[in-house]
Amino acid sequence: MSLLTVGSVAFDALETPFGKTDKIIGGAATYITLSASYFTNENNLVAVVGDDFPQEMIDILESHGVDTTGLEIRPGEKTFFWSGKYHNDMNTRDTIDVQLNVMENFDPVIPEAYGNCEFLMLGNTAPAIQKLVIERLPNRPKLIMLDTMNFWMNIAWDDLMEVIKLVDVLTVNDEEARQLSGEYSLVKAAAKIGAMGPKTVIIKKGEHGALLFHGGHIFFAPALPLEEVFDPTGAGDTFAGGFIGYLASTGDVSFNNMKRGIIYGSAMASFCVEKFGAERLFNLTIDEINERVAKFVQLSAFEI
Ligand code: AMP
């Protein structure tokens, strides 16, 4: 089934304990669509960049089957820029710089061919834009998933509350779940966030895995302990892309299938962190992904 992703396509400058990059390609929608491309071949993108964005990256997305008709290129304007520095634990980071540039007045145009998408992934971008996308779709998709971050909680709280009401699944990290709910306990936080609208809440805990909450049920997926983690940037988006890509490929939005989606998402995220930026997602094979999924099964399988 078809997936539409909306979100940032960006330049990032990153610093981790293992090194530093100049401007490289990033953005939530870049990671989401690349990750989802390993599961669904109806993978549509709505985003905006400036004319400084390299055609080679658009070619990479297209070579992964991502339809970029909805990627607006604004002449004379600059692409969104984000710069972040990770602490030694690699689970926490500081935003050093954000330049909204083209994102400041992004007016998402949904190509007619995307109008009947069954799965909608609202990746990180301004909540008012995320809401506009839902309103502009002629039919409500079967499943709408939303990702956001503390940046938007700090500057666009009311808009965020408006869009949260409209979605089926919300993904946030543990720190963001606490900020959004005012609760320290993640169980209480998920219940409070659920009452804001989304029936399903996913709380990502970086190298400590992810929790899925739905109607009183909780599922936990670990993160794969890796020998080498270079850069966690985009891991959350890659996770979301794997999760929703898997759901779109099966068309099944039951809790049991979401559990499988969480494992596929976690497997994709485990690749993402092995290199700087999105590079590790350029050339994966289905066999490599299945091998990782098998490792997840082994990791927590036991008998009593
Ligand atoms: P993640 O590590 O999964 O949280 O995602 C990191 C990506 O989010 C980077 O590639 C950034 O370009 C993008 N990003 C960071 N801040 C924002 C923001 N305020 N709005 C949209 N995208 C952002």
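The questions below take the ligand, then the sheet.

Modeller: This is a predicted model, where local features need pLDDT of at least 70, side-chain atom pairs count only at pLDDT 80 or more, and totals for chains, interfaces and linings use all residues. Residues are numbered from 1 along each chain as its sequence is written, and side-chain values use heavy atoms, with hydrogens and water left out.

Biologist: Which backbone lies 2.7 Å from an oxygen atom of the ligand?

Modeller: Count polar contacts as pairs of N or O atoms within 3.5 Å. The side chain of Ser8 puts an N or O atom 2.8 Å from a ligand nitrogen. A polar side-chain atom of Trp152 is 3.4 Å from a ligand nitrogen. The backbone N or O atom at 2.7 Å from a ligand oxygen belongs to Gly27.

Biologist: How much of the ligand does the protein bury?

Modeller: Accessible areas come from the Shrake-Rupley method with a 1.4 Å probe. Alone, the ligand exposes 510 Å². The protein's share of burial is 93%.

Biologist: Which element gives the largest share of the shell around the ligand?

Modeller: The shell holds 20 residues (a heavy atom within 4 Å). Elements are DSSP runs: helices (H or I, at least four residues) and strands (E, at least two), numbered from the N terminus. Strand S2 (10-16), strand S7 (80-86), helix H4 (150-155) and helix H8 (235-250) each give two or more residues. The largest share, three residues, comes from H8.

Biologist: Which strands are the edge strands?

Modeller: Two strands pair if DSSP finds at least two bridges between them. Nine strands form an open, mixed sheet, ordered S6-S5-S1-S9-S10-S11-S12-S13-S14. Pairing on one side only marks strand S6 (66-74) and strand S14 (217-221).

Biologist: What is the bridge partner of Val46 in S6?

Modeller: Strand S5 (residues 43-50) runs parallel to S6, joined by seven bridges. In S6, Val46 is partnered by Gly70.

Note on methods:
A polar contact is a pair of N or O atoms within 3.5 Å; within protein, one must be able to donate a hydrogen and the other to accept it, and residues adjacent in sequence count only if both atoms are side-chain atoms.
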